[in-house]
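Please look through the sequence and the structure shown below before reading on. The text then goes from one part of the chain to another.

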Amino acid sequence: MAAPPPTAPSTSTSPQTTIHVGTRQSLLARLQADEVVAALRPHHPNTHFVIHAMATTGDNNQSTALHKFNEKALWTQELEVKLENREVDFVVHSLKDMPTQLPKGLVLGGVSRRGDKRDALVLKKGREGKGLADLAEGEVVGTSSLRRTAQLKRFHPGLRFKDVRGNIGTRLAKLDAEDGEYAAIVIAVAGLVRLGLTDRITSYLSKDNGGMLHAVGQGGLGIEIREGDTRIDEVLKPIICERSMRAALVERSLMRTLEGGCSVPIGIETKWVSKKHSLIETSTTGVGVGIKPAEPFAPAETPPSQTAPPTTTEESDDDVTDELAVSAIVVSLDGQDAAEVETSLTITTFEEAEEFGIEIARLLVEQGAARILKAITLNRDIIHKQGDA
């Protein structure tokens, strides 16, 4: 009997393979996991993906202000236990919720193409206005983020800020309640986009519009895997965006060096320099990369403002260089003191990204971040290494 013809090698995982995906139980978390699985399916048509959703510490306590929790893994710990126990093969997180120090044996397996990194101002339904400038003195803005509160206090000291917890739907309901105390809330654009709620966005906040730098990892989806799991590493490879990963590693390295978290107001803005912009700068100044500390801090009467495009995602590789421009800030809780740095560097590897984040942290300490961190009673190794600078 003639031997059967050889079978062509599969470009996907083995037939009948099942991959278990962990995520939080919120609607947004489920949508994020669905987004990752939908991107994977065309590359692995013979693989069955099963999503397992569960509650975390942050989900179970919807009343305590985020910065009052002691746990660093507020949104991830229970899921990481499942991953360690091999009950799931990888976990999809909002990258900004992932601790920068992961449990031993677990690693950031990759970041898919990043969404909009900015924050959004959302006014109470039915209220007229275009932005923060339309809010009257004494009105309440809801946010549980110290980063947002501290930055907003710099330019809007007359406003009041109060915690608002819950999923996005809950927060919007609290905002819109007739007897509610909030005139507006500040929330991540990416979450509103994924939930189809972009019509609620009053204005997009950024460094140039409102003086608001985003959180580390904001807008990105981080995929956590077991270290050395080459099978899952290969499964994920087709959807990992290396450029998004490099930028995320810079941001996470900065925060890890400063040991920041929910209790530290650290803001950052990372942008890949466009090829057009890079050519103009190099031809006119001869300078392509460098470090520019911010001007000495002085409270401003009005925030930076300019028209912001409605949406923005990680730039196409065809349109940008490997030069990453970074603005970073550490702000005192009352908004009266800040350390700022603006810098750029060509980043082509993950190792270079990690080192760049460490360098930005060092520059922030030189600009006064150590003083601010001490003022909010945080012990930071980097401060001691800098001689209490």
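The paragraphs below treat helices, strands and salt bridges in turn. The model is a predicted one.

A place to begin is helix 3, which covers residues 77-84. Which of its residues are buried? They are Leu79, Glu80 and Leu83. These residues cover an arc of only 100° around the axis, and therefore they lie on the same side of helix 3. What covers them includes strand 1 (17-24), strand 2 (47-54), strand 3 (90-94), strand 4 (106-111) and strand 10 (221-226). Just after helix 3 comes Arg86, with a positive phi of about 65°.

Lys82 is joined to Glu87, and their closest N and O atoms are 3.1 Å apart. Glu87 has a relative accessibility of 40% and counts as partly exposed. Lys82, at 29%, counts as partly exposed too.

Strand 4 has been named among the elements that cover the buried residues of helix 3. Is strand 4 itself enclosed or open? Five of its six residues are buried, so strand 4 is largely enclosed by the rest of the structure. Strand 4 and strand 10 run antiparallel and are joined by five bridges. Five strands form an open sheet in the order 7-6-8-5-9, with mixed pairing. Which strands stand at the edges? They are strand 7 (160-162) and strand 9 (203-205). Each has a single partner strand, so one side of each is left without a neighbour in the sheet. On average, neighbouring strands of this sheet are turned by 30° against each other, direction ignored.

Strand 6 (residues 140-142) pairs with strand 7 in the parallel sense, over three bridges. Gly142 has Lys162 of strand 7 as its bridge partner. Helices also lie against these strands. Helix 4 (residues 146-155) lies across strand 5 (119-123), strand 7 and strand 8 (182-188), and runs at about 120° to strand 8. Helix 5 (residues 168-176) packs on the sheet and touches strand 5 and strand 8. The direction of helix 5 makes about 160° with that of strand 8.

Asp176 forms a salt bridge with Arg200, and the closest N and O atoms are 2.8 Å apart. Asp176 is in helix 5, while Arg200 is in the loop between helix 6 (189-194) and strand 9, 24 residues apart. Are the two partners buried or exposed? Asp176 is partly exposed, with a relative accessible area of 24%. Arg200 has a relative accessibility of 12%, and because buried means under 20%, Arg200 counts as buried.

The next part to look at is a pair of helices. The axes of helix 8 and helix 10 come within 7 Å and cross at roughly 35°. The crossing is right-handed. Among the residues that make the contact are Met245, Leu249, Val250 and Arg256 of helix 8. On the side of helix 10 they include Phe350, Glu354, Ile358 and Leu364.

Two of these contact residues, Arg256 and Glu354, form a salt bridge, with the closest N and O atoms 3.2 Å apart. Arg256 belongs to helix 8 (residues 242-258) and Glu354 to helix 10 (residues 350-375), and 98 residues separate them. Arg256 is partly exposed, with a relative accessible area of 23%. Glu354, at 24% relative accessibility, also counts as partly exposed.

Salt bridges can also be joined into a network, as with Asp89, Arg226, Asp229 and Arg231. How many salt bridges are there by this count? The count comes to 25.

Strand 13 (residues 320-331) and strand 14 (residues 338-346) pair in the antiparallel sense over nine bridges. In this pairing Ser327 stands opposite Glu342 of strand 14. The two strands have six residues between them. Gly335 in the turn has a positive phi of about 75°.

Key: Residues numbered from 1 in each chain as written. Predicted model: local features only at pLDDT ≥ 70, side-chain atom pairs only at ≥ 80, totals over all residues. Heavy atoms only, no water. Buried < 20%, exposed > 50% of the residue type's maximum accessible area, 1.4 Å probe, protein only. Helix = DSSP H or I, 4+ residues; strand = E, 2+ residues; numbered from the N terminus. Arc of directions from axis to C-beta. Contact = heavy atoms within 4.5 Å. Pairing = 2+ DSSP bridges. Axes fitted to C-alpha atoms, helices over the stretch in contact; angles between N-to-C directions. Salt bridge = Lys/Arg side-chain N within 4 Å of Asp/Glu carboxyl O. Left-handed = near helix turned anticlockwise from the far one by under 90°.
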